[in-house]
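Happy to walk through this one with you. Let's take a look at the structure and then ask it a few things.

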Amino acid sequence: MELQTLKIIITGAGRGMGATFARRLHEAGAAVAAGDVDPTGLAELPEGIARHHLDVSDAGSCREFVAWASEQMGGLNGLINNAGILRDGLLVKKHRETGEVTTLSDADYQAVINVNLNGSVYMTRETVRTMVEADTKPGIVVNLSSVARHGNRGQTNYVATKAAVAANAVSWAREFARFQIRVVAIAPGMVETPMTRAMPAKARDALLARIPCGRIGKPDDIWRAVQFAIECDYFNGRTIDVDGGLVM
Ligand SMILES: NC(=O)c1ccc[n+]([C@@H]2O[C@H](COP(=O)([O-])OP(=O)(O)OC[C@H]3O[C@@H](n4cnc5c(N)ncnc54)[C@H](O)[C@@H]3O)[C@@H](O)[C@H]2O)c1
């Protein structure tokens, strides 16, 4: 698909990678509808990008957003499931000093599942339903996975969602092939965004030391993979790792 023919929704587009994808697609001539639960970043996007409140963890909000976006852009042919959160913590932790045993809270577990996994399902369901009802083709769905999908200490909730969205790229690529809709996943390593800036310095430095490319990724490194995934009509159902060699 050519970028300038896109009418595409980006979730979590107020900052970080989502904001970069929105800007790059807008610069390339695509119609972009940006959604975020936090209005601050949305207000800073360039004029010409349609924007609206969206809470991907709420199926009703997703329905309303997709209907609004389709109206704004005169239809839809793309979706980037980018919104995501972290609530890291060991599943079971024994505190060194006190010997106390604590566990990952239900709230932290559920919040990550609700946003990262349920959000991608609600958004894909509504977007693809809208496309199929209008008989729009071809189409593209991009899921933001992570190298964490292979498993990581302290990230039970996040890992489960990032493995799930990569696996669902396959489920949906198979289901939606008959509608000429491709579904792919991109799995970044560590990328410089507000999400990773919030990491403890010690954990950040330890991860950086393991990246053969010798630097943290930039949102534009990941944009290049998103661009390839959109433009290459023969790329489908697969996940691209863009991680500077972190997990090879
Ligand atoms: N930064 C990294 O190193 C990294 C690595 C691998 C994968 N990822 C994934 O890439 C995606 C983007 O990450 P980022 O680093 O740009 O994150 P970020 O925290 O900088 O931005 C995420 C955006 O999503 C929005 N959001 C959160 N909850 C939402 C909800 N319920 N509904 C709608 N929007 C919501 C936030 O307000 C924010 O604007 C995420 O899915 C993340 O898991 C990030």
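Here are some questions and answers on this predicted model.

Q: At which residue does H4 bend by about 40°?
A: The bend is the angle between axes fitted to the seven residues ending at a position and the seven starting there. In H4, an angle of about 40° is found at Asn118.

Q: Which residue with a positive phi follows H4?
A: Look in the loop between H4 and strand E7 (139-144). Most residues other than glycine have a negative phi. The residue that follows H4 with this positive phi is Asp135.

Q: What is the omega of the peptide bond from Lys137 to Pro138?
A: Pro138 sits in the loop between H4 and E7, where Asp135 is also placed. Most peptide bonds are trans. The bond from Lys137 to Pro138 is cis, with omega near -5°.

Q: Which class does Gln180 fall into, by its C-beta neighbours inside 10 Å?
A: Gln180 is in the loop between helix H5 (156-176) and strand E8 (181-188), and its phi is positive, near 60°. The cut-offs are 20 or more neighbours for buried and 12 or fewer for exposed. Because Gln180 has 14, it counts as partly exposed.

Q: What covers the buried residues of H5?
A: The buried residues of H5 include Tyr158, Val165, Trp172 and Phe176. Their cover includes helix H4 as well as strands, and the elements named are strand E4 (78-81), H4, E7, E8 and E9.

Q: Which residues have the most contacts inside the largest nonpolar core?
A: This core has 59 residues. Take Ile10 as one example: leaving out residues up to four places away in sequence, it touches Gly18, Phe21, Ala22, Val32, Ala34, Ile80 and Asn82. The residues with the most contacts inside the core are Ile8, Ile10, Ala22 and Val32.

Q: Which residues come nearest to the ligand?
A: There are 30 residues around the ligand. Helix H1 (16-27), H4 and helix H6 (194-197) are the elements that give two or more residues to this shell. By class, the shell has 13 nonpolar, 13 polar and four charged residues. Those that come nearest are Gly12, Gly16, Gly84, Thr193 and Met195.

Q: What distance separates the C-alpha atoms of Cys232 and Met1?
A: Cys232 lies in the loop between helix H8 (219-231) and strand E9 (239-242). With 12 C-beta neighbours inside 10 Å, it counts as exposed. Cys232 and Met1 are 231 residues apart along the chain, and their C-alpha atoms are separated by 6.9 Å.

Key
Residues numbered from 1 in each chain as written. Predicted model: local features only at pLDDT ≥ 70, side-chain atom pairs only at ≥ 80, totals over all residues. Helix = DSSP H or I, 4+ residues; strand = E, 2+ residues; numbered from the N terminus. Near = placed C-beta within 6 Å. Nonpolar A, V, L, I, M, F, W, Y, C, P; charged D, E, K, R; others polar. Core = buried A, V, L, I, M, F, W, Y, C linked by C-beta atoms within 7 Å. Contact = placed C-beta atoms within 7 Å.
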